[in-house]
Structure formats: structure tokens, C-alpha cells
Amino acid sequence: MCGIVGFIGGEQAAPVLLDGLRRLEYRGYDSAGLAVFGEQQGLQLVKAKGRLAVLSDLVDGGAKLEGTVGVGHTRWATHGEPSDANSHPHLSNSGRIAVVHNGIIENYMEIKEYLQSQGVVFHSDTDTEVVAQLLDYYYQGDLVEATFKVLHRIEGSYALGILCSDHPGQLIAARKDSPLVLGYGEGCNFLASDVTALIKYTKTVSYMEDGELAILTRDGIQVYDALLQPVEKERSTVDWDIADAEKGGYEHFMFKEIMEQPEAVRKAIAPHIQNGQVVLDGLGLDADFLQSLSRLYIVACGSSYHVGVVGKYQLEQLLRKPVEVVLASEFRYSNPLVDENSLVIVISQSGETLDTMAALREARRLGAKTLAIVNVVGSSIAKEADYVLYTWAGPEIAVATTKAYSTQLAVLMLFGIWTARLLGRLTPEREAELLGEMLRIPDKIAEILRHTEEIQYYASLYFNHESIFFMGRNLDYAMGLEGSLKLKEISYIHSEAYAAGELKHGTISLIEDGTLVVALASYAPLFDKDVSNVVEVKSRGARVLGLTTRSRAEEMAKHADSLIVIPDTDLMFLPSLAIVPLQLFAYYVALMRGCDIDKPRNLAKSVTVE
């Protein structure tokens, strides 16, 4: 993995491919390559370790590669170190077939050993090269037939783009458990792993399903199912513009997306609040099923998992039903106690997270109903879940999520309030009170964002620490998990979040002179206990950066070395406000440490391998 672009049309392909790959840089990668067919030069392959700019310089921005059909790829190493040889595209020994691939071929070693026994020579350490060499092995003049045979031989996940010099008028695409989008143009057509790569050229797209194979020509796209029967694909129109996927004057996408949160949260919640009630038209869940629920699960990875940890506190308070939060990568291996009386809520920004997809399928196999909270319309998880709620956050380019986290929180709360009313757990007065405050959250986030210079100053005080601890209780602890993750993933500082009550159970042994502790104390019922914990770590020499609400600021200032203050709000919505300064703190710390903020090392935006 990580980024695929394909083009076939009437204009020079290489500049289009490079532009598409440039728009996928946010996904994370360590090398890049192009394969283009030209009438004069034949099948040309250029690959380079490092940033896309290295590849672009090699081909003079694409000008050196003649031809109107090609595929491009940015690779994030899984099998084989980052190198020119391991970069995609991979070329068959005959020189006729080039392949780009996202995913993992699980039985690649078995296939490789067989092909080697037949005299096939391999030139890389990747699992992907077996696809190119196996295609060559099966190829007898019919590329589609050879591809069909390969797809039935390989095991694992894949999004494939295939180019053959014998068939320069077509591109082949195939997918299983890894996203692939088809784009429709005028006299040209596209494939890509993410619609972001295509939005400059077309807004009309189709999303390939598992087991499908597509043939792209200049004049059209024909899709076939796993039995090679033609499929009539539904076309979708992308509802955002290229400007939404550009920095718009900001230095980094992450900062832009932090600043977009007031509007993103407003778009996520406003359409669903009417006349003092939550309206989830078309969701399909009914009160009888919700009454019968014995348990809810929230299943997700990374930041979305942290949304779930916050949601557990919120939903159990609202619904008075047990909520279990499980990492998607662990869910299907834990023999979960899931049945027809369970609702499994899966959360994913991309809607393509492989572990989350696998968890969803396991939940459905066990008889549970599934609800997806996703950002990307038409994504695999959205299609496979029984029910879907969209966050409508728009494109999120930075690897470190910000507005996706905030909108997921907001949508989960909408669901909680709506469900609580159906269960009779919420009076009309309390619902109106909650929704009135929820509608004020975007303005309160905007108020926090008007004071970025204060957070920047605190970052300047603490950016040189190499180990930082976050501590809090209840919602503060849950929200601290995300604050800690933001810091570690973009600044590379060792950071951990702990429930403050666990200090005496081992954590306090890590506190020494100068250790920075970010003390989260916004949850009023436990504020006094939080203050006691601050006193405790300061007595061991810690420096304390506190975070609390305006009504508690005077008291907290007596104990913390530095203090971040957020507006007061209902307890339920504290994480929606408190996370914003923590995102900013992580951003400014990383900036001062000279880190590549939008593309942190070893990370990818959409994790489509296990």
C-alpha cells in the first residue's frame, strides 16, 4: 500500500498520474513509481525511493514519459524495505505487464516458490511481484482471462491496477478488502485508491465492490463480478471541491483541519436537530429492537477507538445499558459475547479500515445488528453495515485526524440522545437542554481557536520533553487518550494517558524532576480528586500543564504551572471542547521539533492491511 492512480485517455498520462499521487501523499509512503505505455517508447517504468518529488524530477514532471495510459503508486513498505527495487509498479520478466497493488497477498511465498521452481526470477522482496509474475505465467494473449485466474489463486487483500503492453487500449482494475474508485471523464477514465486523487478531473465516480474486476478504456468502464458477469455500477457525484483538499493558505493540512472543526461539527449535527429533538430520518432502527438490547459494543481503531471510550461514558449515562468498547483488531479474536440482542457500532473515518471491516463482518455473522459511523459515502463499511450515520466532515488529508474525531463524537452523541428518547430515558426538557447546548458547541470551539497563540506559547515551554503523561478521570481520562495519541504520532515524543486514580498503582514511579504531566480536570464532579493528583505529582517534581473549565480556572491555577481554559458546557460535551487545545498543543510541539506534521513517519491515513 498506499496510493494508486490510473489513467487512460487522450492526453499525456504521466503528469496526470503524478498530480493524482501528489494528492495522495497525505496517506503516507516511502517510495513512488510510474508505468506508462507509449507508442514509441513502449512500456516505461520509473521508480524511486523517497518523496514523490524525487520521482517527478526523474521524469521532468512527467514530460519524459510519452503515452496516454499508465498507472502510478506511492508505497508504504510492508514486505521488503523501502527501496527502488521494492517500489511499485512491478514488472513481469517478459516486460509486458506492470502491476500496482495495495493490500497484502497472504500466500505470496507459496506462489513465489512455485514460480521459482518453474524458472521465474524475482527482483524484489515484495508480495506484490508475485501478481505480476503470475499474470505473466498465465498470460496467453487474453489479459482478462489471466487476471481472472490470478484472482482465484491469490489470497489476502488487494486493490490492483494492471497495464499490459499487448493491450495499450485498456487498464484492468480489481479489488478485495482494499478500496478502489473508478472515475468517469470525457474521453478518459480513471482509477484510484481514494477519490481525492480524481476530484480535479471528475466528480463522477463508482466504488468497486469486493470480487469485482473492471476494464477501463478511453470510451468507458465495464465492471464484472467474481463470475465475470457484467455489472451495472451505480455512479455517485462527489459533493466537495478541489479547494477542500488543498491547504488554502495554511502551512499544514492538520492545522487547516483543526480550524475547520467549528463548521465541520455544525454540518454534522445541525441537519439532525429539529424542533428540540434529534431526527435521524431513514436510519431504520426501531424502539422495539433498542428496548431488547442487552449490550452495545463500540468497535474501532486508533482515534475512532478513543471516540468509543468517550462514548461509553456518554451512552451508559444516557441509556443505562452496558456499553463495551473493543479494539477492532482484537474483536474477532476475542470470541465476543455477541448475539441478536446486541448492537455493534463500528466507527471509521475512511470506511475502509480493514480491522474494523473484519469486526463488522464477525458481528453480523454472530447475529448482531451493526451501525456504522463513517465519513466516506459509498465506502465498504457503509455498504456492509445494517445502519449508517455519516459525519459529513469532508476530506481529511492530514494523517493525524482532528475534525473526523470531533464529528464522530458529535454524531455518536446525537445517536445517544435519540436512542435515550426512544427508550424513555430522557425527558423532553433534558433533551431540549442537551440539544440547545450541542448547537452552541461549534461556537465554543471557535472561541477556543481564537486563542491559538496561548497554546503555541505553552508548546514553546514544553516541546523539548521526551516523555509526557496525560492524566484525568472519567471523560477527562477518555479524552486524554486521544490527546496523548495526537502528541506521540506527530511529534514522536513518548506519551501515555492514565486514569488519575491509577497513579498509586505503578504510574507514579515514572514521575521525576521535570516530567511534564498534562492534568485534565474539566469534569466537575471529580475536580477535587484531580487537584489532589496534581498536588501528588508536583510533590515528585513534575511540571503540570492543566486543562479545566472557566468556572474552575481560579482554583486550578493555584496548583498548575500553566493552565489551558475552555468554556463551560454540559458535562456530556466536555470532550468536544477539551480535545481542541490538545490537538493544537500536539501540532505546535511537532512544529517546533521540525517534524513532518501531515505525513508522520511509518503512518498511513487509511489502514487497509491487518
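Is Gln408 buried or exposed, and what is its relative accessible area? The first legend answers this for a predicted model, and the other legends cover further close-up views.

**View 1. Gln408 in helix α13.** Gln408 is buried, with a relative accessible area of 3%. Leaving aside neighbours within four places in sequence, Gln408 is in contact with Ser304, Val307, Ile347, Ser348, Gln349, Ile373 and Thr391. Ser304 and Val307 belong to helix α9, and they are among the residues with which α9 meets α13.

**View 2. The packing of helix α9 (residues 302–319) against helix α13 (residues 403–422).** The two helices pack at an angle of about 20 degrees, and their axes are 10 Å apart. That angle makes α9 roughly parallel to α13. The crossing in which α9 passes α13 is right-handed. On the α9 side, the residues in contact are Ser303, Ser304, His306, Val307, Val310, Gly311, Gln314, Leu315, Leu318 and Leu319. On the α13 side, they include Tyr405, Gln408, Leu409, Leu412 and Met413. The residues of this contact of α9 with α13 divide into 11 nonpolar, 8 polar and no charged.

**View 3. Helix α16 (residues 475–491) beside helix α19.** The axes of α16 and α19 come within 9 Å and cross at roughly 20 degrees. This crossing makes α16 roughly parallel to α19. As it passes α19, α16 makes a right-handed crossing. From α16, the contact is made by Leu475, Met479, Glu482, Gly483, Lys486, Leu487, Ile490 and Ser491. From α19, the residues in this contact include Pro575, Ala578, Ile579, Leu582 and Phe585. Sorted by type, the residues of the contact of α16 with α19 are 13 nonpolar, 3 polar and 2 charged.

**View 4. Phe585 in the largest nonpolar core.** This core has 96 residues, and Ile345, Phe415, Met438 and Phe585 touch the most other members. Helix α19 (residues 574–592) supplies the largest share of the core, 13 residues.

**View 5. Helix α4 (residues 129–138) and its cover.** How many of the 10 residues of α4 are buried? The helix is mostly covered, with 9 of its 10 residues buried. The buried residues are Glu129, Val130, Val131, Ala132, Gln133, Leu134, Leu135, Asp136 and Tyr138. The elements that cover them include the strands β5 (90–91), β6 (97–105) and β7 (156–164), and the helices α3 (108–117) and α5 (143–151).

**View 6. Asp530 in helix α17 (residues 527–538).** Asp530 is buried, and its relative accessible area is 3%. Apart from neighbours within four places in sequence, Asp530 is in contact with Gly472, Arg473, Asp476, Ala500, Leu520, Ala521 and Tyr523.

**View 7. Val223 in strand β13 (residues 221–224).** Val223 has 1% relative accessibility and therefore counts as buried. When residues up to four places away in sequence are not counted, Val223 touches Leu182, Glu212, Leu213, Ala214, Gln229, Pro230, Val231 and Lys233. Val223 and Val531 are 308 residues apart in sequence, and the distance between them in space is 62 Å, C-alpha to C-alpha.

Notes. Residues are numbered from 1 along each chain as its sequence is written. This is a predicted model: local features need pLDDT of at least 70, side-chain atom pairs count only at pLDDT 80 or more; totals for chains, interfaces and linings use all residues. Side-chain values use heavy atoms; hydrogens and water are left out. Axes are lines fitted to C-alpha atoms, for helices over the stretch in contact, and angles run from 0 to 180 degrees between N-to-C directions. Helices (H or I, at least four residues) and strands (E, at least two) are DSSP runs, numbered from the N terminus. Angles under 35 degrees count as roughly parallel, over 145 as roughly antiparallel, 65 to 115 as roughly perpendicular and the rest as oblique. A crossing is left-handed if the near helix is turned anticlockwise from the far one by less than a right angle, and right-handed if clockwise. Contact means heavy atoms within 4.5 Å. Ala, Val, Leu, Ile, Met, Phe, Trp, Tyr, Cys and Pro count as nonpolar, Asp, Glu, Lys and Arg as charged, and the others, Gly among them, as polar. Buried means under 20% relative accessible area, exposed over 50%, partly exposed in between (1.4 Å probe, protein chains only). A nonpolar core is a set of buried Ala, Val, Leu, Ile, Met, Phe, Trp, Tyr and Cys residues joined through side-chain atoms within 4.5 Å.
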